[in-house]
Amino acid sequence: MHISRREFLKTSSALAGVAAAGVDLGAIAAAVSEARAQGVAPAGARYVKSTCAHCVNFCGISVKMEKGVIRAIYPDAARAEYYNAGICPKGVSGLFNTYNPYRIKAPLKRTNPNKGMSEDPRWVEISWEEAFSTIAERLRKIKAENPAKLIWQHGHGKYLIGDQFPKAFVAAFGTPNLVHRTTVCEAARHVADEITWGYHGFLPDLDNCNLLLNFGGNYFEGEQWARWLDQATTRNKERGMKVVVVEPRLSHCAAKADEWVPVRPAKDVVLLLGMAKILIDEGLIDEPFLAAYTNATSLVGEDGAVLKTGDGKPLVWDTGSNGAKPFTAGVVPALKGAYTVDGKPAKTAFQVFVESLQGITPEYVEEVADVPAETVKRLALEFGRQARIGATVVVDGHVLRYRPVAVHTFRGLAAKQFGVQNWRAGLIVQMLVGSIDAVGGINLSGVYHQPKYLEPSKAEYPPKRVDLNASVYFPHATHDVCQQVAVTMLDPKAFGLGYVPEMQIFYATNRPFSTSEGLKQVESLKKTFNVVIDIVMSETAHMADIVLPDLTYLESWHLSPTRGTIDRKHVAIRQPMANVFNLPHDAYTILWELAKRLGIRDAYIDNINKQWGLKKFPLQAGQDYSAREFVERAWKEKSGGKEFDYALEHAFVGKKLKSEDIYLKGVEHEFKGPDKPKMFLYAEQLVGSLKNIKETVAKHGIKNIDLKAYALALSPLPRREHAFPTPHLEARDYPFYLVTHKRMNRNQSGNTATNPILNALGADFDENFVVINRTKAKELGIADEDAVTIETRVGKVSGRAMLSEGVRPDTVTVSYHYGQWSTGLPERARKGTWINSVLELHPDVVSGHNSFNDTKCKVYKA
């Protein structure tokens, strides 16, 4: 990405000023590194181990303390073996969020009954007793009338205390409405995993991989597993692993890759299908893998449904007996071909897939995705040949499949109207060469952990939940549909909701700011009594009725979530270093206090034990537990009885996995061979889900479901039509594709916007930019730093232009965590472009994922 001269000069000037003061940065760094390596602390200082929760990487940290004051944060060197070798700028500067003068320091009550972006809430400080009494009184009334009228929403709050506590609270209270943020993160990727192999989550086996295709993954800037992926990718590139990044902009990942393929936005699925066709045409496919592990051999009828026996077993064509049979011992299933079963035509699922690829030639891919035909051919052939189909390798005495190629993504393929289908195409390409769960391929997590994901949705109606999760509207949305809450709130009857929610509690989430069509999100918050638990006055807090302060991750006890690697896992804690503003409560104690006042404490405790899986060290009914007391019990449960003193000193305990746990407990164990379930190359349950949706729509006369659109979204196979989201078809007068992305220093923007150290290099770091291709900008008469307007079918927003060669001529990119408008934030935190306010919302109806990267726009000088 192009860095402007002004940014370079300001950065250089800041460093030059330090040098001019006689400070030898290199000498300081060397001395600190040496002292830390030897465990030496300066006189009066000590180091406390903990876990960062500034983002979702949960890096191990070593915190320098002097006289009760946090002085510095470093990576915990001991944690490098299990996850992070370093920490990012946010982690280093986390102490500034804790000492932030803009922190919420006392409960606040709104005195202006009118709510809106331009309304002054007229906050007054209230006591904790008044806050708890007011909230509990409303909750009692709702619980007595209809508990579903309470909505709990969290985002990062899930990771600050663990979503087990909110889940336990809402279960004890009786509301089904607990909503997390995954549909503004990676939900479509998760759901694609789930409907393919029965659970979600994977990592590329980078230490054994020779070719990594990264479709928009952003691990050098910010995503899950970033602090392992960045180090592991760099390390393995040095040994010769090739990295190809496919995305419209020259991200940090693309800049550090061996090759950048600037694909046209949303057209990745056509590129992947084009590669699949070449692999098949060239015979570069792992036929034994497809036959033994996947449902590619299942017979499909003319209606698209898989043919089955009376007891529900899929039929294959047995080449031995020349007939349709279940895949049992002795049966040799045909991978290809068309057959007649009971007088009706049928084809193998693989044959259906092959025929669906007709016409998706390299030339067609070039026309649609703007990737040269020769590049398409080269990538496909290189992927197929590097896969070394048929090869094995011996690891710890085990003979294992060896396929050193992988496809990786995060929001790049997921944050689109057809996000599920996009990633399904990536999974199918890897199935074709047999690299899934192979040495050097992608390693799956929890294979077949939830077999129900491979079954059709019941297409529930009327919906029980306000986010329409798992309903007829979002049939396979297993990760909540956070942006839908506001849409439903604006017209509950339109979606058949049998009640009108009255109250929402938001914990560490900034929902209206972080989703598409943000103005509608803001409008919806006028409909409910809102309680916000947070550390700063976010936009959600601006629309609240009561705001409660929270402790930061450097001030609180919790059993921390962790990220592992392919071969290492660990259990970790967070422990407090300080309580800067002497706050008596955090989210943990707030929930506990409310449970007591509502008379549901014992039910809450019972559900805590269930959610956390506390069997050896459960909480006991009739007792109160501090956060530390809970963490001590949970630590002993999850660490196998390790003493808590060990946790206080080291903050984690790690485990190295055996090779059989890595490579033989997944698809090898669950899917391989006869009489086993199969990974779904052909997502047969989607055919059943569509059938159920059609019946539900007819039965209830539902008017706001377009069955044709649902039929496309719920296709059992990815199709070329999935490269054309609604704005690309309809917004023909808008010439630019609009793509959003992260910027490391402002990712998780609700609190980093007020962190001075992250913005200390100058005003440019307080603001984002409208990045435009330099040649295209010249045609439009736009110069670097010009004020410009982005116009979409939703609205207009202004920003400053930054010209770059690192973006496609037909594409504009804007980082999405700027332009905050809450009056509770300082002026410098409110600079930049709130791009989400003008993004169109066309969620993936399979998963509910927000369509962040499908909007089209105009750009012109302001």
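Author: A residue is called buried when its relative accessible area is under 20%, exposed when that area is over 50%, and partly exposed in between. Keep in mind, as we go on, that the structure above is a predicted model.

Reader: Which residues are buried in H7?

Author: In helix H7, the buried residues are Gln164, Phe165, Pro166, Ala168, Phe169, Val170, Ala172 and Phe173. That makes eight of the 10 residues of H7, so the helix is largely enclosed by the rest of the structure. Phe169 counts as buried because its relative accessibility is 0%, and Phe173 counts as buried because its value is 1%. Just after the helix comes Gly174, which takes a positive phi of about 110°.

Reader: Where do Phe169 and Phe173 lie relative to one another in the helix?

Author: The two residues are four places apart within H7, which covers residues 164–173, and that spacing is about one turn of the helix.

Reader: Why is the pair of Phe169 and Phe173 stacked?

Author: A pair of aromatic rings is described by the distance of the centres and the angle of the planes. Two rings pair if their centres lie within 6.5 Å, and planes under 30 degrees apart count as stacked. By this rule the model has 26 aromatic pairs. For Phe169 and Phe173 the centres are 6.3 Å apart and the planes stand at 15°, so this pair is stacked.

Reader: Which residues form one aromatic cluster with Phe169 and Phe173?

Author: The cluster holds Trp152, Phe165, Tyr507, Tyr588, Trp592, Tyr604, Trp612, Tyr625 and Phe630 together with Phe169 and Phe173. Aromatic rings can also have a charged side chain over the face, and there are two cases to look up: Arg110 lies over the face of Trp123, at 5.8 Å from the ring centre, while Lys858 lies over the face of Tyr734, at 4.9 Å from the ring centre.

Reader: Which residues does Thr348 touch?

Author: Thr348, which is found in strand S16, is buried with a relative accessible area of 0%. Its side chain has a polar atom 3.0 Å from the backbone nitrogen of Gln351. Again not counting residues up to four places away in sequence, Thr348 touches Ala296, Thr297, Ser298, Leu299, Ala334, Leu335, Lys336, Gly337 and Tyr339. For a contrast in accessibility, look at Ser133 in helix H5, which is partly exposed, with a relative accessible area of 28%. The C-alpha atoms of Ser133 and Leu594 are separated by 9.0 Å, although the two residues are 461 residues apart along the chain.

Reader: In what sense do strands S2 and S3 run, and how many bridges join them?

Author: Strands of a sheet pair through backbone hydrogen bonds, either parallel or antiparallel. Strand S2 (residues 60–66) and strand S3 (residues 69–75) run antiparallel and are joined by six bridges. Glu66 stands opposite Val69, and in this hairpin, which has two residues between the strands, Lys67 takes a positive phi near 55°.

Reader: In what order do the six strands close into a barrel?

Author: The order is S27-S31-S28-S30-S29-S32, and the pairing is mixed. Neighbouring strands of this sheet are turned by 45° against each other on average, with direction ignored. Strand S27 gives an example of both senses: it pairs with S32 in the antiparallel sense over two bridges, whereas five bridges join S27 to S31, and these two strands run parallel. On the S32 side, the bridge partner of Phe736 is Cys857 and Tyr737 stands opposite Lys856; on the S31 side, the bridge partner of His741 is Ser815.

Reader: How many residues of S27 are buried, and which ones lie on each side?

Author: Six of the six residues of S27 are buried. Phe736, Leu738 and Thr740 lie on one side, while Tyr737, Val739 and His741 lie on the other, and both faces of the strand are covered.

Technical notes: Residues are numbered from 1 along each chain as its sequence is written. This is a predicted model: local features need pLDDT of at least 70, side-chain atom pairs count only at pLDDT 80 or more; totals for chains, interfaces and linings use all residues. Side-chain values use heavy atoms; hydrogens and water are left out. Rings of Phe, Tyr and Trp (its six-membered ring) pair if their centres lie within 6.5 Å; planes under 30 degrees apart count as stacked, over 60 as edge-to-face and the rest as tilted. Buried means under 20% relative accessible area, exposed over 50%, partly exposed in between (1.4 Å probe, protein chains only). A charge sits over a ring if NZ of Lys or CZ of Arg is within 6 Å of the ring centre and within 35 degrees of the ring normal. Two strands pair if DSSP finds at least two bridges between them. Axes are lines fitted to C-alpha atoms, for helices over the stretch in contact, and angles run from 0 to 180 degrees between N-to-C directions. A polar contact is a pair of N or O atoms within 3.5 Å; within protein, one must be able to donate a hydrogen and the other to accept it, and residues adjacent in sequence count only if both atoms are side-chain atoms. Contact means heavy atoms within 4.5 Å.
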